[in-house]
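Please examine the sequence and the structure shown below before reading on. The report that follows describes a selection of their features in turn.

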Amino acid sequence: MAKKKVLLMGKAHSGKTSMRSIIFANYLARDTMRLSPTLDVEHHHVRFLGDLVLNLWDCGGQDTFYESYFERDRETIFRSVEMLIYVFDIESDTPEKDFDHFAGVLEAIEENSPDARIFVLVHKMDLVAEEERDVIFEDRRRLVEECCGGCGVHNFQCFGTSIWDETLYKAWSEIVTNLIPNIGVLESHLGDFCRICDADEVVLFERATFLVISHAQTSGADRHRPLEAGFAHPAAAAAAEAAAADDGGMAATGGGEGAMSSPPSSVARSPPGIDGAGEQAAA
């Protein structure tokens, strides 16, 4: 069974634990208000697609904890990391300190896990006026790029996210896909399945979390309606699970005979695969 160490880091109250609870513990966005701040490091084992286990380290963001991460526990925290997910609060009142911590994390990653993939989430974008979001996100992405470059990191991905819309699911879907070792094989099989079904599009999602793993689209399909974004949203994903019935993690739309359409609008979500529990999506 493949285990992947993933660090989830960011300043206190940036929203790390809230997003983890929504994605992996079946929380609704409004329920995250009752969550307490993470103290030190919380470990969670999340099973994906049968034999892939995410060893998720949710690291508390208080200054005292960062001192421990960078000094006493430096090797323990930053060794053998497959992926770093760093969360910035777009409304932080201490942005300079946030970037100092980020730079320290990057340096520790480069020292102990130079091959780790870096993802940055600019979070709580719902608090920014809609007409200003693109400009503000691009400005923050530029600052992230400068900080990464200063630490010798040139490969990273940056997303704007919010727990109140589909952006959180879209970002985590892309992040998790990077951990799947046979993703190329899955994409190839999905493309074959799409053609055999004569469907416009087929979406493969992880059944416990509804994260989109891959999708295939025929050349003649309408590319102005990206279904993968819809399936990433919890409500749409619940409908997709109903359409996929008891036996699958795929939904096909449009196209030929037997394609699924007009699924029920509501269905209860199944418990996610935390600490080994929960059923996995078929691959």
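## The largest pocket and its surroundings

The largest pocket has 23 lining residues, and those nearest its centre are His13, Ser14, Gly15, Ser18 and Lys124. On a 1 Å grid over the protein atoms alone, a pocket is an open set of points where a 1.4 Å probe fits, with protein on both sides within 12 Å along at least five of seven lines, whereas a cavity is a set of such points from which the probe cannot get out; a lining residue has an atom within 4 Å of a point. Rolling a probe the size of a water molecule over the atoms shows where empty space is left.

This is a predicted model, in which local features need pLDDT of at least 70 and side-chain atom pairs count only at pLDDT 80 or more, while totals for chains, interfaces and linings use all residues. Residues are numbered from 1 along each chain as its sequence is written, and side-chain values use heavy atoms, with hydrogens and water left out.

The space in the largest pocket is about 450 Å³, where grid points are joined across faces, edges and corners and the volume is the space filled by probe spheres set on the points. Its lining comprises seven nonpolar, 13 polar and three charged residues. In this scheme Ala, Val, Leu, Ile, Met, Phe, Trp, Tyr, Cys and Pro are nonpolar, Asp, Glu, Lys and Arg are charged, and the others, Gly among them, are polar. Helix H1 gives the most to the lining of the largest pocket, with three residues.

## The chain and helix H1

The chain has nine helices and nine strands. These are DSSP runs numbered from the N terminus, with at least four residues (H or I) for a helix and at least two (E) for a strand. Of the 283 residues in the chain, 50% are buried; buried means under 20% relative accessible area, exposed means over 50%, and partly exposed lies in between (1.4 Å probe, protein chains only). Contact means heavy atoms within 4.5 Å. Among contacts in the chain between residues at least 6 apart in sequence, 71% join residues at least 24 apart.

Why is H1 largely enclosed by the rest of the structure? Nine of the nine residues of H1 are buried, so the helix is largely enclosed. Among these buried residues are Lys16, Ser18, Arg20 and Phe24. Their cover includes S1, S2, S3, S4, strand S5 (117-123) and helix H6 (167-177).

His13 lies in the loop between strand S1 (2-10) and helix H1 (16-24). This residue has a positive phi of about 70° although it is not a glycine. Just after H1, Asn26 also takes a positive phi of about 70°, and Asn26 is found in the loop between H1 and strand S2 (41-48).

The table gives the relative accessible area of some individual residues.

| Residue | Relative accessible area | Class |
|---|---|---|
| His13 | 57% | exposed |
| Asn26 | 33% | partly exposed |
| Cys148 | 0% | buried |
| Gly184 | 45% | partly exposed |
| Cys194 | 1% | buried |

S1 is mostly covered, since seven of its nine residues are buried. Two strands pair if DSSP finds at least two bridges between them. S1 pairs with strand S3 (residues 52-59) in the parallel sense over seven bridges, and Lys5 stands opposite Asn55 in S3. Five bridges join S1 to strand S4 (residues 83-89), and these strands run parallel. Here Val6 has Met83 in S4 as its bridge partner.

In helix H2 (residues 63-70), the residues Phe65, Tyr66, Ser68, Tyr69 and Phe70 are buried. The buried residues of H2 pack against S1, S2, S3, helix H3 (74-78), S4 and helix H4 (95-112).

## Cysteines and helix H7

How many disulfides does the count give? A disulfide is a pair of cysteine sulfur atoms within 2.5 Å, and the count comes to zero. The sulfur of Cys148 is 6.1 Å from the closest cysteine sulfur, in Cys147, which is too far for a bond. Cys194 is likewise in no disulfide, and the nearest cysteine sulfur, that of Cys197, is 7.5 Å away.

Gly184 is found in helix H7 (residues 183-197). Gly184 and Ser214 are 30 residues apart in sequence, and their C-alpha atoms are 9.6 Å apart in space.
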